[in-house]
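Here is a short briefing to read alongside the model. Please keep the sequence and the 3D view open as you go.

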Amino acid sequence: MAFNPKNKFSNFFLLIASFVIVSLILWNTNSFFKKFKEEERYKMEIWATAQSELLQSSEDRDLGNLHVKIFQNNTSTPMILVNRDGSVKTNNMPVEMESDSLGIQQKIAKFKSENNPIAITYDGETLATLYYGNSEVLNKLKYYPIALLLIILLFGAVIFFFFKTNKASEQNKLWAGMAKETAHQISTPLTSLLGWNELLKNENLNSAITEEIEKDIDRLQTITERFSNIGSLPKLELLDIVEETKKAFEYLQMRSSRLIRYTFNSRVESLPIMLNSALYNWTIENLVKNGIDAMKGKGSISLEIIPDGKYVNILISDTGQGIPKSSFQTIFEPGVTTKKRGWGLGLSLVKRIVEEYHKGKIKVLTSSKQGTVMQISLLINS
């Protein structure tokens, strides 16, 4: 993929801009919170001053309407007034709280953690102490930055997954287009080879030669069909899983080194399920070839077919060097490979063929230094 410095600069700019905007919002919210808290403190100090005048005034003295308005307008801030004689008076709190001494002490401790108490004094003598907590509005405002961050993170996650899905869709279209174009390019010389092989048959040559050429032509036709099916919904037919698996397995066995020992075992003689023959055979060949590569061309390959309830399991085992447990999931991702010259497409295609086209499952069943077992699970038709 070509490097585009403009895209990198745009992404970096958007990242920095987003960080600056979020920082400004949080800073502004924090400033507003502090300002609101200061104003509430100032309001409580006015209330405390009014209360001081009330405590040291005589009963027949008229304090006027200002004090009444100060007391009446404070309806949101919870307060506890502890007089010097130990009596307690609450405001903007449940009435029954005044008789709950333990609850009062717990509330006082909580209010002290939120705001410094205000001493109500007169002529240097402390008449009472005012403890007050944050108002309901202030408490809600305190959690606003957290809610804002969660919304921003959620929005960012939605955008990330949208672009990721969009990118994956574009990549799928690209691979599908390349696969179909490859099939188209192969079909032209393949048609010519068919014609030349028919001419050779008429020349009375050794029939073994033309038969081998015909096998290779059939092989090329199979490859063409595979590439044609990638990117489109393949046609599934009711086929014998045992026969199809054995056919793909034996094809590789005939063309492999004698240093590799092949073992095929099926617990059923026949089991019809819905398959696309070309793509399924491609899957088996890919997994077997991966096993051969892991063994570096020397070892044992075994394949076993085991019915298991609603599914049939196809186990492909090798005696290679194994796969790290941390890579059990990532090896099926496009571009992930342990080969020096690999493209990392084989297992991703296998996963797509099994899970998307055949609605089955594929996984690394076990893996160690003694070898690896890959498992394909396909649904049995009821």
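Two residues are in contact here when they have heavy atoms within 4.5 Å of each other. This is a predicted model, in which local features need pLDDT of at least 70, side-chain atom pairs count only at pLDDT 80 or more, and totals for chains, interfaces and linings use all residues. Residues are numbered from 1 along each chain as its sequence is written, and side-chain values use heavy atoms, with hydrogens and water left out.

**Arginine 41**
- Leaving aside neighbours within four places in sequence, arginine 41 is in contact with Asn116, Pro117, Ile118 and Tyr132.
- Its C-alpha atom is separated by 8.3 Å from that of asparagine 115, 74 residues away along the chain.
- Arginine 41 lies in helix H1; helices are DSSP runs of H or I with at least four residues, numbered from the N terminus.
- Arginine 41 is partly exposed because its relative accessible area is 24% (buried means under 20%, exposed over 50%, partly exposed in between, with a 1.4 Å probe and protein chains only).

**Valine 20**
- Valine 20 also belongs to helix H1, which covers residues 5–56.
- With a relative accessible area of 40%, valine 20 counts as partly exposed.

**Helix H9**
- The 12 residues of H9 (residues 346–357) should span 16 Å at 1.5 Å a residue, and the end C-alpha atoms are 16 Å apart, which agrees; the expected span is 1.5 Å times one less than the number of residues.
- The buried residues of H9 are Leu347, Ser348, Val350, Arg352, Ile353, Val354 and Tyr357.

How values were computed. Helices (H or I, at least four residues) and strands (E, at least two) are DSSP runs, numbered from the N terminus.
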